[in-house]
Amino acid sequence: ILILFPVLMGSFYGLLGFLVSLFNKNTNLLKKKFFFTHIFFLSLIIFTCEFLRSHIFGGFPWNLSAHIWSFSHLFISPAKVIGAHGLSFLTIYWITLTCVFFYLKKYKRSLVFSLLFPALIFLYGLSNQNNLNDNSLTVRVVQPSIPQKLKWSPNHQKQNFEKLISLSTIPSNKIKKPEIIIWPESAIPYYLNQSPEIVQSLSERLLSNTYLITGSLKRETIDDEVKIFNSLYVIKDGTIVESYDKIKLVPFGEFIPLRSFLPFKKMTSGNTDFSAGLERKVFNIKLLGRKEISIEPSICYEGIFPVKDIVNFRPDFLINITNDAWFGKTTGPTQHLIANRFRAVERGIPLVRVANNGISAIIDNNGKIIKNIDLDKSDYFDVDLKVGFSETYYSKFGNLSLIFMISFILFFSFVPDKLIIFIRKE
């Protein structure tokens with residue numbers, strides 16, 4: 001699998017190289033007379049390969065071209081309108097144009113364009129920071145940093161459980177105690193829907209009138225078939241109030257595609273494939289002395305996929321729980337966090353990300369990291385989270401805004417070329 005998966009992903013870059021080479025060999029007239037249009041189609045080929053990688057074979061929108069701007073939340077603001085894929089296309093167009101000018105030894109033009117685009121998106125970001133109202137709640141984020149080799153070990157289950165409880169019950173440094181405590185993906189390695197004694201124990205040992213949101217497993221018999229889900233639970237007062245089953249499963253990690261033809265083992269523990277949940281979900285919870293708060297959950301891999309708003313649902317904040325321990329000390333957890341930040345920007349909704357060992361973080365509706373716990377650190381923090389939403393074009397229209405933008409750029413690539421041809425004739 002460690003060979004097959006990179007080869008599969010790398011094939012998209014092979015396709016990209018082949019198509020660009022083929023395009024350049026057969027478009028001499030276009031290159032000579034329609035310079036900007038030629039650049040547009042080159043960029044479109046590169047972008048299309050990235051877009052395909054993000055969607056087919058289950059999709060893997062990881063390390064997109066747009067992600068190079070994640071060093072500052074001001075540079076990712078265009079995603080509010082055109083999403084991560086739209087910013088990717090603009091980035092590819094900018095880099096292609098700059099490089100071709102440089103290749104043609106038009107160094108001044110190359111320099112101008114290399115500086116112009118970042119300056120424009122910076123100014124756009126500076127003028128498009130939306131602040132939410134003062135409606136806030138106190139959230140505790142718990143990152144236990146349990147090593148992957150110990151996470152599913154039966155001999156360490158009690159120790160891991162006590163670590164989570166300990167981090168969750170440290171007295172708060174805030175005036176208010178936490179109203180919601182959030183644990184990471186599969187924090188409880190049991191079938192929680194079939195373990196009422198664990199649910200009761202959690203409520204007894206944690207703070208009263210506090211919701212616990214945690215990842216765990218779910219086992220159900222559906223049509224005489226036993227199915228296992230990677231799930232998120234909301235628990236209060238000894239009761240499972242809500243649950244959500246992960247929809248987008250990790251190929252080779254949580255299930256083996258074409259299992260009857262591919263005799264592989266999963267990269268994660270267990271021999272049984274997970275089943276996919278049926279639908280995205282928004283659930284409401286009633287806090288003490290407050291109105292209801294609506295939350296939209298996602299689990300791990302799901303957080304890298306751009307999505308628009310669910311019709312008629314406007315969540316107050318997003319939650320993504322994840323593990324990330326199996327990445328080890330690689331760049332994986334940082335890359336995963338970057339992809340998640342774009343979800344907050346696209347939707348105009350703050351995001352709480354909680355990792356077992358990764359980078360847990362609070363991200364505001366502009367994509368700015370408010371607070372985080374570093375990789376390989378066992379810790380917690382409490383934060384007064386401002387909740388609510390600031391509606392964005394992308395949250396409303398999704399990839400329709402991407403199609404409009406690409407059409408717009410095609411038009412404004414073709415028009416300068418026609419003007420140049422007209423002026424030369426005159």
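**Asn323 and its surroundings**

Trainee: Which residues does Asn323 touch, not counting residues up to four places away in sequence?
Mentor: This is a predicted model. Contact here means heavy atoms within 4.5 Å. Leaving out residues up to four places away in sequence, Asn323 touches Gln148, Lys151, Glu185, Ala355, Asn356, Asn357 and Gly358.

Trainee: Is Asn323 buried or exposed?
Mentor: Asn323 sits in the loop between β9 (317–322) and α9. Buried means under 20% relative accessible area. Asn323 has a relative accessible area of 6%, so Asn323 is buried.

Trainee: How many of the residues of α9 are buried?
Mentor: Helix α9 covers residues 332–347. The helix is largely enclosed by the rest of the structure.

Trainee: What span does α9 reach from its first C-alpha to its last?
Mentor: Helix α9 has 16 residues. At 1.5 Å a residue, 22 Å is expected. The model comes close to that, with 24 Å.

Trainee: Cys300 has a positive phi although it is not a glycine; is Cys300 buried or exposed?
Mentor: The phi of Cys300 is about 50 degrees. Its loop lies between β8 (292–299) and β9. The relative accessible area of Cys300 is 8%, so Cys300 is buried.

Trainee: And Asp224, is that residue buried or exposed?
Mentor: Asp224 also is not a glycine, yet has a positive phi of about 65 degrees. Asp224 is in the loop between β4 (211–222) and β5 (225–236). Exposed means over 50% relative accessible area. Asp224 has 80%, so Asp224 is exposed.

Trainee: Which residues in α1 are buried?
Mentor: Helix α1 runs over residues 4–25. It reaches 31 Å from its first C-alpha to its last, close to the 32 Å expected. The buried residues in α1 include Met9, Phe12, Leu16, Val20 and Phe23.

Trainee: What radius of gyration does the protein have?
Mentor: The protein comes to 11 helices and 13 strands. Its C-alpha trace spans about 85 × 55 × 40 Å along the principal axes. With 426 residues, a compact globule would have a radius of gyration near 22 Å. The protein agrees with that, at 24 Å.

Note on methods:
Residues are numbered from 1 along each chain as its sequence is written. This is a predicted model: local features need pLDDT of at least 70, side-chain atom pairs count only at pLDDT 80 or more; totals for chains, interfaces and linings use all residues. Side-chain values use heavy atoms; hydrogens and water are left out. Helices (H or I, at least four residues) and strands (E, at least two) are DSSP runs, numbered from the N terminus. The expected span of a helix is 1.5 Å times one less than its number of residues. Buried means under 20% relative accessible area, exposed over 50%, partly exposed in between (1.4 Å probe, protein chains only). The radius of gyration is taken over C-alpha atoms; the globule rule is 2.2 Å times the number of residues to the power 0.38.
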